[in-house]
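Thanks for coming. I will go through a few local features of one structure, element by element. Please have the sequence and the coordinates open.

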Amino acid sequence: MRRLLPRPGAAVACLAGMASLSGLLSGCTGPAKAQKPNLGSGKIAVLLPDTASSTRWESDDRRYLTAAFKAEGLSDGDFTIDNAQGDPSNQQGQAEQAITNGASVLLLVNLDSGSGAAIEANAVRQGLKVIDYDRLTLRGSASYYVSFDNVRVGKLQGQGLVDCLAAKKPSVAKPSVIQLDGSPDDNNSAEFKQGYDSVLDPLFASGAYVRAGEQSVPKWDIQQATTIFDQMLTRAGNTVDGVAAANDALANAAITVLGNRGLHGVPVTGQDATIAGLQNILAGDQCMTVYKPVQQEAIAAARLALELREGKQPTESTTPVSAGDHDVPSVLLTPVPVTMGNIKQTVIRDGFRTLDQICTGRYLAMCKADGLT
């Protein structure tokens with residue numbers, strides 16, 4: 001995972017050499033406020049998309065962005081974090097309210113590129129700087145994009161499924177695979193699919209694997225995902241050897257359907273390293289997830305937002321990423337595959353998840369059996 005270099009200044013000195021925010025959360029408090037630098041003017045407004053597509057937005061991004069802003073010397077009144085709860089018109093209203101309240105920088109996680117581009121165009125017209133956070137807005141007006149290498153995320157999922165099938169189904173000559181893709185209006189979904197297709201398509205083309213079904217899930221909606229997967233599984237004759245699911249929430253929907261059909265232990269992929277995803281791995285119902293260190297993404301976005309707010313030239317190195325009609329300078333962080341064998345060395349070590357969160361109820365015995373506790 002790529003490490004971000006701290007900028008000079010006491011407010012961020014405690015970040016040096018850290019792979020996570022565990023130290024930040026406990027050790028960067030009073031001194032940062034006492035030595036608050038001249039931060040320019042205007043608030044920083046963060047617009048999150050929903051609570052349905054993934055638990056990460058409220059459980060991870062909100063806490064890490066808050067911690068990162070405060071580590072940079074901001075107080076509670078210097079930034080806002082709102083969630084659109086899946087409603088584009090609500091997100092547009094939140095953006096307009098942020099502008100009215102004096103925002104100078106907008107961090108946007110769009111609900112779709114169309115509504116996101118409209119929000120960004122309005123913000124730029126009124127003199128704001130915009131950062132696409134986690135999701136790229138196609139044909140938008142963002143000055144920068146901060147995310148993960150999402151094609152790499154998909155490749156890790158695809159290779160993870162191949163590895164799990166080889167380990168769990170070695171006697172199956174032509175494993176059948178169902179693909180449960182993310183929302184078609186989310187650019188990240190397209191990149192995840194590009195990644196796992198690059199691994200799986202050659203296997204389908206050669207006849208080594210059989211594609212038993214594939215469908216995207218509008219708006220990452222879990223209820224629709226459950227219905228869609230149930231229908232694909234029925235068409236596949238209630239038989240499947242592996243599932244390429246675009247994230248942990250969709251993976252959990254597939255696992256629920258499989259369990260209801262008495263099909264346990266089918267290798268299923270995911271991403272986001274959610275608590276439910278990690279518990280599914282413990283139970284043997286999900287073979288892997290992809291850990292995206294959100295704390296590092298939040299740190300990068302907060303620093304970039306502060307530099308734009310102060311009118312400074314950003315110091316972080318960037319990579320050009322196409323937004324359809326132009327390239328956007330982008331900070332792309334490195335995702336990490338997680339299996340039963342490295343939960344402790346990744347998400348637990350970084351403080352992203354805790355054993356107390358994972359090892360609850362029936363999973364406590366599994367944690368002990370697998371040496372996590």
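This is a predicted model: local features need pLDDT of at least 70, side-chain atom pairs count only at pLDDT 80 or more; totals for chains, interfaces and linings use all residues.

Buried here means under 20% relative accessible area. By name, the buried residues of α10 are Gly-277, Leu-278, Gln-279, Asn-280, Ile-281 and Leu-282. As for what covers them, the list includes three helices I will point to on the screen, α12 (344-348), α13 (355-358) and α14. Helix α9 (248-260) and the strands β9 (289-291) and β12 (336-338) are also among the covering elements. Just after α10 comes Gly-284, with a positive phi of about 80 degrees.

Staying with α14, this helix spans residues 363-369 and contains Ala-369. Ala-369 has 68% relative accessibility and therefore counts as exposed; the cut-off for that is over 50%. Between Ala-369 and Leu-282 there are 9.6 Å in space, C-alpha to C-alpha, against a separation of 87 residues in sequence. Leu-282, as I said, is one of the buried residues of α10.

Next, a sheet. Three strands form an open sheet in the order β7-β6-β8, and the pairing is parallel. β7 (210-216) and β8 (242-245) are the edge strands, each pairing on one side only. On average, neighbouring strands in this sheet are turned by 15 degrees against each other, ignoring direction. β6, residues 176-181, pairs with β7 in the parallel sense over six bridges. Leu-180 stands opposite Gln-215 in β7.

Two helices lie across these strands. Helix α6, residues 150-168, lies across β6 and β8, and runs at about 165 degrees to β8. Helix α8, residues 222-235, lies across β6, β7 and β8, at about 160 degrees to β6.

Last, a helix pair. What do we quote for such a pair? Two packed helices are described by the angle between their axes and the distance between the axes. For α4 (residues 88-100) and α5 (residues 113-125), the axes come within 10 Å and cross at roughly 15 degrees. The two helices are therefore roughly parallel to each other, the cut-off being under 35 degrees. Their crossing is right-handed. On the α4 side, the contact is made by Pro-88, Gln-91, Gln-92, Ala-95, Glu-96 and Ile-99; on the α5 side, by Ser-115, Ile-119, Asn-122 and Ala-123. Sorted by type, the contact residues are five nonpolar, four polar and one charged.

Conventions:
Residues are numbered from 1 along each chain as its sequence is written. Side-chain values use heavy atoms; hydrogens and water are left out. Axes are lines fitted to C-alpha atoms, for helices over the stretch in contact, and angles run from 0 to 180 degrees between N-to-C directions. Helices (H or I, at least four residues) and strands (E, at least two) are DSSP runs, numbered from the N terminus. Angles under 35 degrees count as roughly parallel, over 145 as roughly antiparallel, 65 to 115 as roughly perpendicular and the rest as oblique. A crossing is left-handed if the near helix is turned anticlockwise from the far one by less than a right angle, and right-handed if clockwise. Contact means heavy atoms within 4.5 Å. Ala, Val, Leu, Ile, Met, Phe, Trp, Tyr, Cys and Pro count as nonpolar, Asp, Glu, Lys and Arg as charged, and the others, Gly among them, as polar. Buried means under 20% relative accessible area, exposed over 50%, partly exposed in between (1.4 Å probe, protein chains only). Two strands pair if DSSP finds at least two bridges between them.
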